[in-house]
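Dear colleague,

Please read them with the structure open beside you.

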Amino acid sequence: MAKINRNYLSLPGSYLFSRIGEKIRCFQEQHPEADIIRLGIGDVTQPIAPAIISTLHDAVDEMGDAETFHGYAPDLGYEFLRSAIAQKDYRERNCDISAEEIFISDGAKCDCGNIQEIFSTDNRIAVCDPVYPVYVDSNVMAGRCGKYDPQTGRFANVIYMPCTKENGYVPQLPEEVPDLIYLCFPNNPTGAVMKKDKLQEWVDYAVYHGSVILYDAAYEAYISEAEIPHSIYECEGARKCAIEFRSFSKTAGFTGLRLGFTVVPKELEAEGTALWPLWARRHGTKYNGAPYIIQRAGEAVYSAEGRRQVLSQVAYYMENAKIIYSSLRSAGYEVSGGVNAPYIWLRTPGRMTSWEFFDYLLEEAGVVGTPGSGFGPSGEHYFRLTAFGDRKRTIEAVERIGRL
Ligand SMILES: *Cc1c(COP(=O)(O)O)cnc(C)c1O
């Protein structure tokens with residue numbers, strides 16, 4: 001008789017975005033005339049940049065000619081893309097990362113979710129609270145998190161590191177030492193960043209304790225301030241303790257095209273065993289590579305023209321962020337984020353819960369955001385708005401909120 005993986009049954013029900021979708025559907029049904037503006041889900045809206053589209057067309061044509069056709073991609077990804085990444089994202093920022101240490105994939109979500117497979121189920125994980133749900137859920141599925149307590153919204157075996165106004169949304173080094181530490185900066189959902197000296201403390205802590213940091217840098221392209229590290233490998237010793245995840249999704253609008261990569265330094269070890277061969281083995285066994293045409297499109301992101309176009313899209317979103325941030329602030333809200341990340345994190349007014357504020361905003365302003373409590377218990381009384389919308393609609397949304 002087939003038996004199921006019972007760990008799946010400990011996942012708390014009702015996925016955040018399906019609950020939001022259901023609420024919007026109900027509201028729209030009762031108010032068919034309502035013009036709803038969605039600043040909730042973290043998906044981009046600008047089309048793929050022209051330099052990338054032109055490369056995609058060329059790559060598609062190559063696939064139609066026997067001379068230039070491409071079948072299975074090399075296990076770790078095409079050399080042309082891995083070299084471009086090593087050069088532009090790392091060496092030009094003085095990070096000692098080689099093309100060989102880069103594993104191409106179809107996005108950071110899979111990599112963040114799959115990386116835990118190369119570690120023992122005995123490992124204790126630490127996550128920020130609030131947090132991108134993938135880190136915890138993928139460890140629940142593997143049986144690493146223990147029992148879920150619906151009262152506290154926490155799993156018994158997870159070390160939660162609260163990120164609130166009190167600590168500037170940057171976690172403190174945990175007293176109880178974790179084996180695996182998930183960090184994401186610039187942060188989704190809070191939009192917070194970690195300065196280089198602070199990140200260096202984390203690297204030192206991990207090296208000292210033999211922990212591994214799993215560093216999600218999906219929003220690296222949104223960093224605007226000079227003292228904020230773009231990669232964890234800007235810190236000394238990070239090659240000995242950190243794996244980094246990157247994505248083309250928010251950087252270049254690839255949420256529908258799908259492309260990302262993971263960096264595993266050759267020096268990185270756990271229990272005296274190198275992790276690079278383990279991840280290479282996992283990648284080669286369970287994954288057959290991102291499509292050739294998409295990897296070519298990724299390469300185009302690093303061309304001079306592609307770079308310029310992609311940066312102007314990021315600037316467009318960050319102008320939205322500025323508009324949301326300053327309008328809400330003038331309207332009396334307590335806001336943070338929005339400077340090095342496309343997310344604005346605000347405190348709900350008058351002690352409203354996150355979901356109460358969600359309903360209030362939907363009913364009174366026709367604006368949809370994301371309740372902070374959906375990202376973890378410390379997100380309660382907070383709310384996330386994204387800068388990924390259309391400019392005119394974003395302005396309209398904050399004007400409506402200002403009128404409340
Ligand atoms: C959007 C996002 C990603 C990227 O996911 P993809 O699978 O590459 O689209 C990764 N981490 C965080 C925190 C994100 O918000």
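Tyrosine 78 is buried, having a relative accessible area of 10%, where buried stands for under 20%, exposed for over 50% and partly exposed for what lies in between, with a 1.4 Å probe and protein chains only. Please note that this is a predicted model, in which local features need pLDDT of at least 70 and side-chain atom pairs count only at pLDDT 80 or more, while totals for chains, interfaces and linings use all residues. Residues are numbered from 1 along each chain as its sequence is written, and side-chain values use heavy atoms, with hydrogens and water left out.

Across the whole structure, 26 aromatic pairs were found, a pair being two rings of Phe, Tyr or Trp (its six-membered ring) with centres within 6.5 Å, called stacked if the planes are under 30 degrees apart, edge-to-face if over 60 and tilted otherwise. Tyrosine 78 forms a stacked pair with phenylalanine 80, at 5.2 Å centre to centre and 15 degrees between the planes. Tyrosine 148 and phenylalanine 155 make a tilted pair, at 4.8 Å and 50 degrees; here tyrosine 148 is partly exposed at 27%, whereas phenylalanine 155 is buried at 5%.

The charged end of arginine 296 sits over the ring of phenylalanine 80, 3.7 Å from its centre (CZ of Arg or NZ of Lys within 6 Å of the ring centre and within 35 degrees of the ring normal). Lysine 266 likewise lies over the face of tryptophan 276, 4.5 Å from the ring centre.

Finally, ring pairs join Phe254 into a cluster with Tyr90, Tyr233, Phe248, Phe261 and Tyr302.
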